[in-house]
Amino acid sequence: MQIGLSNNEFLFGVMVATGACRWAWRHKLSQMAEPPLRRPLWAFLGTELFVIVALIFTCRVAVADWPSVPSGSMEPTLRVGDYLLINHLAYGPRLPFTNTAIEFGQPQRGDVVVFRYPHDVSQFYVKRLIGMPGDVVTFVGGTVAINGDAPKAEVLADDQLASLQVRSTDEDRGQWMVLETAAAPARVVKINPFILGRTPLNLADPGLASHCQSPRGGEWRCTVPAGQYLMLGDNRDASADSREWGFLPHEQVYGKAVRVLFNFRQSGRSWMPL
């Protein structure tokens, strides 16, 4: 078990504090002949805020969350400033301060998954699940193939992007937009034509070293171990993902990103499905 602090843990702390104030004030009132004309500040916080904070906390932990995207590692699927709708019911909520889950389902290949960063569980990352336990993932030129299949990828023209509901931005200039279909479901990934996925695999990581082979930079083959997943960013040449920090343990999974709620910079992205 690992301990992590995030917005949900902060809300949980506030809920406990305001709940204690609410209980203490009610207990104090029961010992008074008449209620006072004015409530102290701590009593006001307990009586007025506890229900609101409890509802927000319950919703965020048990049903849905709405974090924002801070980096471009998942472009073009996610853009900086996107606020995501995270469905906790897809996999089941996790108890605050821990990674203990009440599991309702299992992550599937192709899901856009929010998870605790294995090396610092106070941080949340969002990547695409590429390799399931037991999968053999081959990576060549920025694209993947699963279980011995040939890589299936097509560089898209601008008019093709529109039909796939992908809108190109200034950040995409000079990049290839590639439709990758080898590991269903299909998705559009971004590849730098001058790098072509040559980010080296971190074989200093014990998990990668024992389950992967890399004959040269940008080409590797990994067998995903039991109880873990291989995660990649859709922005293949600008993503800190499993190539850098290793496989993702199942217990670190937090939820499934299902929609972009809104983006203050790009209004057209509101309620966009992932």
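Which side chain meets that of Glu 180 in a salt bridge? In this predicted model, the partner is the side chain of Arg 236, with a distance of 2.9 Å from N to O. The pair links distant parts of the chain, since Glu 180 belongs to strand E8 while Arg 236 sits in the loop between strand E12 (228-232) and helix H5 (242-245), 56 residues apart. Both Glu 180 and Arg 236 are buried, and their contact is one of 13 salt bridges that a search of the whole structure finds.

**Salt bridges between separate parts of the chain**

- Side chains of opposite charge can pair when their charged atoms come close.
- Another such pair is formed by Arg 269 and Asp 82, whose side chains meet in a salt bridge at 2.7 Å, N to O.
- Because Arg 269 lies in the loop between strand E14 (253-262) and strand E15 (272-273), and Asp 82 in the loop between strand E1 (64-65) and strand E2 (83-87), this pair ties together parts that are 187 residues apart in sequence.
- Arg 269 and Asp 82 are buried, despite the charge on their side chains.

- Lys 190 is part of strand E9 (residues 187-191) and Asp 172 is part of the loop between helix H3 (158-163) and strand E8 (176-180), so the pair ties together parts that are 18 residues apart in sequence.
- Lys 190 counts as buried because its relative accessibility is 2%, which is under the 20% cut-off.
- Asp 172 has a relative accessible area of 3% and is therefore buried as well.
- Lys 190 and Asp 172 belong to a network of salt bridges that also links Glu 75 and Arg 79.

**The hairpin of strands E5 and E6**

- Strand E5 (residues 136-140) and strand E6 run antiparallel and are joined by four bridges, and within this pairing Val 140 has Thr 143 of E6 as its bridge partner.
- The two strands form a hairpin with two residues between them, and Gly 141, which lies in the turn, has a positive phi of about 60°.
- In a regular strand the side chains alternate between the two faces of the sheet.
- Strand E6 (residues 143-146) is covered on both faces, with Thr 143 and Ala 145 buried on one side and Val 144 and Ile 146 buried on the other.

Methods: Residues are numbered from 1 along each chain as its sequence is written. This is a predicted model: local features need pLDDT of at least 70, side-chain atom pairs count only at pLDDT 80 or more; totals for chains, interfaces and linings use all residues. Side-chain values use heavy atoms; hydrogens and water are left out. A salt bridge is a side-chain nitrogen of Lys or Arg within 4 Å of a carboxyl oxygen of Asp or Glu. Buried means under 20% relative accessible area, exposed over 50%, partly exposed in between (1.4 Å probe, protein chains only). Two strands pair if DSSP finds at least two bridges between them.
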